[in-house]
Amino acid sequence: MLLRGENLDKNEIIRILNDWNFWEKEQETGFFRHDYISRLEALMTTGQIAVVTGPRRAGKSFIMRQMAKKLITGGTNPKDILIVNLEDPRFTLAGTALLEEIFEAFMERVSTGKVPVLFLDEIQEIDRFEKWVLMMKDLGKAKIVISGSNAKLLSRELGTLLAGRHLDMTVFPLSFAEFLEFNGCGPQVETHEQERRAKGLLIKYIKEGSFPEVVLSAAKKELLLSYYEDVVNKDVLRRYRIRKPQDLRAAVKYLFSNVSSLFTFNSMDRSLGMSITSARNYTGYMEQAYLLFSLKRFSYKLREQEKSPRKIYAIDTGLCNAAGFRFSDNYGRLAENAVFLSIKRRQNVNPESELYYWKDELHREADFVLKGEKGIQKIIQVCWNMNDMKTRKREIHSLSLAMQDLKCGNAEIISGEEEGEEEISGVKIKVTPLWKWLLAARTGD
């Protein structure tokens, strides 16, 4: 075992790097996720540091490999590309000394002498990485793409030293269009048989989730539980040195079991017997690790936004069903979570857009309020079972109230099966089945 501060042998470094690079052999690239590749390619052409964020196992490493493969196909010499997996346990140096040793060995033993493209995977494993990355960029030593699985770490470090010098995108588990492709279907649904298959796969999509490896595996629950343990242990318990891991796990289970629902830190306190401070901290840690997202209530008053209950959503509904109290037959909650994730994916392309829920003093809700630079753009209500007249009436009435309150005539209802129109306050509102809405969302329709 090498000690910290001890130089690594260059031959050993190259031997390790050979396992991750295209220098002497092909690397597994999996299903190409073209939307992300196009976005990453656009970021790289700016000359800024490209940052790929998102949860573990969502496909960041594969996307970086796919980008490298595309560069090679386009004429870049494989020896002008360096991919480094910073979680490889064979790398035993700490901090930026490791990065320096790796880069020196690469330039000496592999590089053709041109400015290389450097892919650094899971950069949060390196203390004070941002100074080294900034130095490399400013000196023109490499074109740099980095990835990480911790939102706060990256935003804090990149937002200080690298402010204005990086552009980022967030990788999510598969969209529904990608899910269809992974299951051997094209994203275009043009025949009755294709529609029937898409509807059947939608149920699998919202029940089993869409982490790429899970979609292709027969042991879905076992794999999801291993993901859960990996994130909780590496990105939460270890990173934040949690002294009461049982409380953290109870908080995860509680929130996973209440996706698409309102929650407060007081309610967690009452249900789990932990302090409000702990509930707030644990929720923040889970958000930073991309396990969960919280959604604020829309209000023109910032104080009211902060004081109001938030809605909780999960990075993957399959993960909820595996690690929380199973609720896979509650399609309404699963559908709402799927819509939330689809909207979040679109924010990669339009990061200025803001997302909220709406609620009045009588607790009538509209699920999603989309706000842009010029004000409210759209209101979306998710109503899985439009055949239940009581539910239908309640959801439409709440949507109508939100439209009046926010002075927005652009609204849509996303249903389980129904397609058509509803007239609300003299305005015709489109009703779209979830499967069709998710596929249209890919093109921004």
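Visitor: At roughly what angle do the axes of H11 and H13 cross?
Guide: Keep in mind that this is a predicted model. In it, the axes of H11 and H13 cross at roughly 70° and come within 10 Å.

Visitor: What makes H11 roughly perpendicular to H13?
Guide: Angles from 65 to 115 degrees count as roughly perpendicular. The crossing is at roughly 70°, so H11 is called roughly perpendicular to H13.

Visitor: Which residues meet there?
Guide: From H11 come Asp-247, Leu-248, Ala-251, Val-252 and Leu-255, and they meet Tyr-282, Thr-283 and Met-286 in H13. By class, this contact of H11 with H13 has 6 nonpolar, 1 polar and 1 charged residues.

Visitor: Why is H16 called roughly parallel to H18?
Guide: The axes of H16 and helix H18 (residues 434-441) cross at roughly 10° and come within 10 Å. Angles under 35 degrees count as roughly parallel, so H16 is roughly parallel to H18. On the H16 side, the contact is made by Ala-335, Ala-338, Val-339, Ser-342, Ile-343 and Arg-346, and on the H18 side by Leu-434, Trp-437, Leu-438 and Ala-441. Those residues divide into 8 nonpolar, 1 polar and 1 charged.

Visitor: How do you know that the span of H16 agrees with its number of residues?
Guide: Helix H16 (residues 331-346) has 16 residues, and at 1.5 Å a residue they should span 22 Å. The end C-alpha atoms of H16 are 23 Å apart, which agrees.

Visitor: What makes H16 largely enclosed by the rest of the structure?
Guide: A residue is buried when its relative accessible area is under 20%. In H16, 12 of the 16 residues are buried, so the helix is largely enclosed. Among them are Leu-334, Ala-335, Val-339, Phe-340 and Leu-341, and also Arg-333, Glu-336 and Arg-345.

Visitor: How does the span of H4 check out?
Guide: The 14 residues of H4 should span 20 Å at 1.5 Å a residue. The end C-alpha atoms of H4 are 20 Å apart, so the two values agree.

Visitor: Which residues of H4 are buried, and what covers them?
Guide: The buried ones are Leu-98, Leu-99, Glu-101, Ile-102, Phe-103, Ala-105 and Phe-106. What covers them includes helix H1 (10-18), strand S2 (81-85), strand S3 (117-121) and H5.

Visitor: How do H4 and H5 cross?
Guide: The axes of helix H4 (residues 96-109) and helix H5 (residues 129-138) come within 9 Å and cross at roughly 35°. Thr-96, Leu-99, Glu-100 and Phe-103 of H4 make the contact with Phe-129, Trp-132, Met-135 and Met-136 of H5. By class, these are 6 nonpolar, 1 polar and 1 charged.

Visitor: Why is Arg-241 called exposed?
Guide: Exposed means over 50% relative accessible area. Arg-241 has 72% relative accessibility, so it counts as exposed. Arg-241 is in the loop between helix H10 (220-237) and helix H11 (245-256). Its phi is near 50°, a positive value in a residue other than glycine.

Visitor: Is Tyr-290 buried or exposed?
Guide: The cut-off for buried is under 20%. Tyr-290 has 9% relative accessibility, so it counts as buried. Tyr-290 sits in the loop between helix H13 (276-288) and strand S7 (292-295), and its phi, near 65°, is also a positive value in a residue other than glycine.

Visitor: What makes Lys-69 partly exposed?
Guide: Lys-69 has 22% relative accessibility, so it counts as partly exposed. Lys-69 lies in helix H3 (residues 60-73). Not counting residues up to four places away in sequence, Lys-69 touches Phe-22, Glu-26, Thr-29 and Phe-32.

Visitor: Which residues touch the most other members of the largest nonpolar core?
Guide: They are Phe-119, Phe-176, Phe-256, Leu-319, Val-339, Phe-368 and Ile-380, out of 94 residues in that core. The largest share of this core, 8 residues, comes from H10. Apart from this core lies another one, of 31 residues, including Leu-17, Leu-98, Leu-99 and Phe-103.

Terms used:
Residues numbered from 1 in each chain as written. Predicted model: local features only at pLDDT ≥ 70, side-chain atom pairs only at ≥ 80, totals over all residues. Heavy atoms only, no water. Helix = DSSP H or I, 4+ residues; strand = E, 2+ residues; numbered from the N terminus. Buried < 20%, exposed > 50% of the residue type's maximum accessible area, 1.4 Å probe, protein only. Core = buried A, V, L, I, M, F, W, Y, C linked by side-chain atoms within 4.5 Å. Expected span 1.5 Å × (residues − 1). Axes fitted to C-alpha atoms, helices over the stretch in contact; angles between N-to-C directions. Parallel < 35°, antiparallel > 145°, perpendicular 65-115°, else oblique. Contact = heavy atoms within 4.5 Å. Nonpolar A, V, L, I, M, F, W, Y, C, P; charged D, E, K, R; others polar.
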